[in-house]
Amino acid sequence: MRWYIILSQVLVVLLLRPVHGLANVTGEQDEIEMFKSDCIDARRRPVLNVRNDSLNDVGFSDFMRMHGMVQGPMIILNIKRLKELSKASQKFFVVHECGHHVLGHLYARVSGVEVEQEADCYALRTLIHRGDFTLQDIVDVQSDMRKFGRASAHHKDGETRAKNLTNCLVP
Ligand SMILES: [Zn+2]
């Protein structure tokens with residue numbers, strides 16, 4: 001076997017290794033699956049999607065930290081929880097998390113109900129603009145918000161959040 005064939009196989013093995021060392025950011029899970037995203041943040045940095053089904057929400061935006069060093073932006077997704085929602089909500093909440101990165105919320109270190117409302121509007125407008133969202137999809141997202149939405153320091157209760165979503169379309 002020629003040396004470059006051996007080298008390419010070694011590289012494939014290295015590239016396919018599961019990624020470790022993110023547990024401090026993302027919870028108890030050891031092996032974390034990463035997958036592609038088309039999200040680009042406010043500083044034009046690509047955002048990585050990371051799966052973590054032990055996350056206490058459907059999604060969360062953060063910067064990746066490896067061995068204490070801050071790396072690029074990422075979206076942590078609880079795929080198990082996302083799958084319990086409608087297809088429309090699955091799309092919506094992934095774009096909502098991307099919205100936090102696009103709108104620079106993490107660089108500005110802002111959080112709270114206004115920021116969440118901004119990310120909701122970003123998601124809705126983006127999906128409609130892409131031609132990727134129907135009126136029924138909006139109804140499905142609102143229905144999931146009413147069913148699963150809990151009031152917290154960051155989120156209004158599901159009913160209010162669902163109602164506010166329609167305000168995103170007011171010019
Ligand atoms: Zn959010």
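**Entry 1. Helices α4 and α6**

I looked up the packing of α4 against helix α6 (residues 113-129) in this predicted model and found an angle of about 115°, with the axes 8 Å apart. Axes here are lines fitted to C-alpha atoms, for helices over the stretch in contact, and angles run from 0 to 180 degrees between N-to-C directions. Helices (H or I, at least four residues) and strands (E, at least two) are DSSP runs, numbered from the N terminus. I noted the crossing of α4 and α6 as right-handed; a crossing is right-handed if the near helix is turned clockwise from the far one by less than a right angle, and left-handed if anticlockwise.

I then listed the residues in contact (C-beta atoms, placed from the backbone, within 7 Å). From α4 they are K91, F92, V95, H96, G99, H100 and V102, and from α6 they are A119, D120, Y122, A123, T126 and L127. By class, I recorded seven nonpolar, four polar and two charged residues in the contact of α4 with α6. Ala, Val, Leu, Ile, Met, Phe, Trp, Tyr, Cys and Pro count as nonpolar, Asp, Glu, Lys and Arg as charged, and the others, Gly among them, as polar.

**Entry 2. H100**

I next examined H100, which lies in helix α4 (residues 87-102). H100 counts as buried because it has 28 C-beta neighbours inside 10 Å. The scale is as follows: 20 or more other C-beta atoms within 10 Å of a residue's own make it buried, 12 or fewer make it exposed, and counts in between make it partly exposed, with C-beta atoms placed from the backbone. Leaving out residues up to four places away in sequence, I found H100 touching S61, H105, L106 and A119. I also took the C-alpha separation of H100 and D120, which is 9.4 Å for two residues 20 apart along the chain.

**Entry 3. Helices α4 and α7**

I turned to α4 and α7, whose axes come within 8 Å and cross at roughly 80°. This angle makes α4 roughly perpendicular to α7. The angle classes are roughly parallel under 35 degrees, roughly antiparallel over 145, roughly perpendicular from 65 to 115, and oblique for the rest. On the α4 side I listed A88, S89 and F92, which meet D137, D140, V141 and D144 in α7. This contact of α4 with α7 has three nonpolar, one polar and three charged residues.

**Entry 4. Helices α7 and α8**

In α7, the residues I138, V141, Q142, M145, R146, K147 and F148 meet G158, E159, R161, A162 and L165 of α8. The classes for α7 with α8 are six nonpolar, two polar and four charged residues.

**Entry 5. Loop residues**

I located N78 in the loop between β4 (69-77) and α3 (79-82). N78 counts as buried because it has 20 C-beta neighbours inside 10 Å. Residues up to four places away in sequence being left out, N78 touches N52, D53, L55, D57, V58 and G59.

I checked R44, which is not a glycine but has a positive phi of about 60°. R44 sits in the loop between β1 (33-35) and β2 (48-51), and is exposed, with 6 other C-beta atoms within 10 Å. H67 has a positive phi near 50° and is likewise a residue other than glycine. I placed H67 in the loop between β3 (59-66) and β4; H67 is exposed, with 7 other C-beta atoms within 10 Å.

**Entry 6. Whole chain and confidence**

I recorded eight helices and four strands, in the sequence pattern α-α-β-β-β-β-α-α-α-α-α-α. Of the 171 residues, 28% count as buried. Among contacts with a separation of 6 or more, 56% join residues 24 or more positions apart.

I found a mean pLDDT (the predictor's confidence in each residue, from 0 to 100) of 83, with 80% of residues at 70 or more. Over residues 9-31 the pLDDT is below 50, and this stretch has 28 contacts in the model beyond near neighbours in sequence. Where pLDDT is low, the predicted coordinates should not be read in detail.

Residues are numbered from 1 along each chain as its sequence is written. As the model is predicted, local features need pLDDT of at least 70 and side-chain atom pairs count only at pLDDT 80 or more, while totals for chains, interfaces and linings use all residues.

Note on methods:
Contact = placed C-beta atoms within 7 Å.
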